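Colleague: Please put the model on the screen, and then we can go through the ligand site and the sheets.

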Amino acid sequence: MDSSLPLNMHGWTLERHILEEQRTHPDATGEFTRLFQQLALAGKIIGSRVNQAGLAGVLGVTGEVNVQGERVQKLDVFANQALIHALEAGGQVCLMASEEVDDPIPIPTDFPRGRYVLMFDPLDGSSNIDVNVSIGTIFSVHRRISTGDEPKLSDCLQPGFKQVAAGYIIYGSSTMFVYTTGKRVHGFTLDPSVGEFFLSHPDIKIPERGAIYSVNEGNESKWDAKVRDWVRWLKTPDEAIDHPYSGRYVGTLVADFHRTLLKGGIFAYPADNKNPDGKLRLLYEASPMAFIAHAAGGDATTGKQRVLDVMPTELHQRVPLYIGSKLDVADALKRIG
Ligand code: FBP
């Protein structure tokens, strides 16, 4: 889908960029452009509420527990509603799925249905919402594969390499929209005074090797020996291989991945004896991030296989994740495999 765009065109909005990409795409219908317009709108709405959270009385929990067994944050509910509302009426999607909702979300019958399936984590980094640390929205787009009147769960349970697009919106010191359609990764920064995302990080390439590792070392006692040894190896001084690496961990996947994408290195959420399949969800966390990592020249593994090759069996299934620079992921695999 990508074409060789004049990437140094500053002042290019996200919408213009998608339009340019679509222009060279043989069967483009404009559906994709509208899908991204609505995703960007939802991102702006969520971003503005996140920025004012302390004033708008939306910090804290609702008192409910979601399908993941997590306490639901008020902003989780707001973000989930903002995405559903922005995407359900446009006629681009036929089915949605969210971290906050047990089952796939049907499109109301009085709205037209499109050919895309959208899955998302409406607000990633829930433990950081109340403490003003970067959080984000993650999305994954597939084409519908089922036939018949009603889309099906099978439309959601597709392997990551089948994605047609993936991305995230990070609500940090600035709000950024980062996406790929499989070949290149582009980043756009929101100019709140204009209300538009502008191209700020064209054609992002992840360094082949970094010098930063990112993992919650508080889980060390729950890891198996190989994972423990791998992390200790990263921290052990060895000039010949530029070790020790520096440790960075925000506790928001979007933020830890964004840094890894720009600076290189490796982020991991290994399996442990509390989470034998890891903590992160395949369809709307690990898989979209893996799609972006590969498009930027990086890699992503569960420790046993490429994340993009995992055949999903459940909507909210979890997978271990090792993601980042190609050589750092290869080193991890050598040691934990
Ligand atoms: P949600 O906040 O969307 O549930 O995502 C899970 C997450 O917060 C990731 O963003 C992050 O990488 C991880 O969990 C942090 O987990 P822990 O607090 O166990 O390190």
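Colleague: How do the residues of the shell around the ligand divide into nonpolar, polar and charged?

Modeller: The shell is made up of six nonpolar, five polar and seven charged residues, where Ala, Val, Leu, Ile, Met, Phe, Trp, Tyr, Cys and Pro count as nonpolar, Asp, Glu, Lys and Arg as charged, and the others, Gly among them, as polar. Please keep in mind that this is a predicted model, in which local features need pLDDT of at least 70 and side-chain atom pairs count only at pLDDT 80 or more, while totals for chains, interfaces and linings use all residues. Residues are numbered from 1 along each chain as its sequence is written, and side-chain values use heavy atoms, with hydrogens and water left out.

Colleague: Fine. Which residues come nearest to the ligand?

Modeller: There are 18 residues around the ligand, and those that come nearest are Asp 124, Ser 126, Tyr 249, Leu 253 and Tyr 269; a residue is near if one of its heavy atoms lies within 4 Å.

Colleague: What lies 2.8 Å from an oxygen atom of the ligand?

Modeller: On the side-chain side, an N or O atom of Asp 121 is 2.8 Å from a ligand oxygen, and a polar backbone atom of Leu 253 is also 2.8 Å from an oxygen atom of the ligand.

Colleague: How much of the ligand does the protein cover?

Modeller: The protein covers 90% of the 470 Å² of accessible area that the ligand has on its own, as computed by the Shrake-Rupley method with a 1.4 Å probe.

Colleague: Switching to the sheets, what is the strand order in the open sheet of eight?

Modeller: The order is E4-E3-E5-E6-E7-E8-E9-E10, with mixed pairing, and two strands pair if DSSP finds at least two bridges between them. E4 (105-106) and E10 are the edge strands, each with a single partner, so one side of each has no neighbour in the sheet.

Colleague: How many bridges join E6 to E7?

Modeller: Seven bridges join E6 (residues 135-143) to E7 (residues 165-171), and these strands run antiparallel; Ile 135 has Tyr 171 in E7 as its bridge partner.

Colleague: What do E9 and E10 form?

Modeller: They form a hairpin with four residues between the strands, and Gly 195 in the turn has a positive phi of about 80 degrees. E9 (residues 185-191) and E10 (residues 196-201) pair antiparallel over five bridges, and Phe 188 is partnered by Leu 199 in E10.

Colleague: What about the order of the open sheet of five strands?

Modeller: That sheet runs E12-E11-E13-E15-E14, again with mixed pairing. Its edges are E12 (246-247) and E14 (299-301), each of which has a single partner strand, so one side of each is left without a neighbour. Three bridges join E14 to E15 (residues 321-324) in the antiparallel sense, and Ala 300 has Ile 323 as its bridge partner in E15.

Colleague: Last topic, the backbone: which peptide bond is cis?

Modeller: The bond from His 243 to Pro 244 is cis, with omega near 10 degrees, and Pro 244 is found in the loop between helix H5 (225-235) and E12. Asn 132, in the loop between E5 and E6, has a positive phi of about 55 degrees although it is not a glycine. Most residues other than glycine have a negative phi, and most peptide bonds are trans.

Technical notes:
A polar contact is a pair of N or O atoms within 3.5 Å; within protein, one must be able to donate a hydrogen and the other to accept it, and residues adjacent in sequence count only if both atoms are side-chain atoms. Helices (H or I, at least four residues) and strands (E, at least two) are DSSP runs, numbered from the N terminus.
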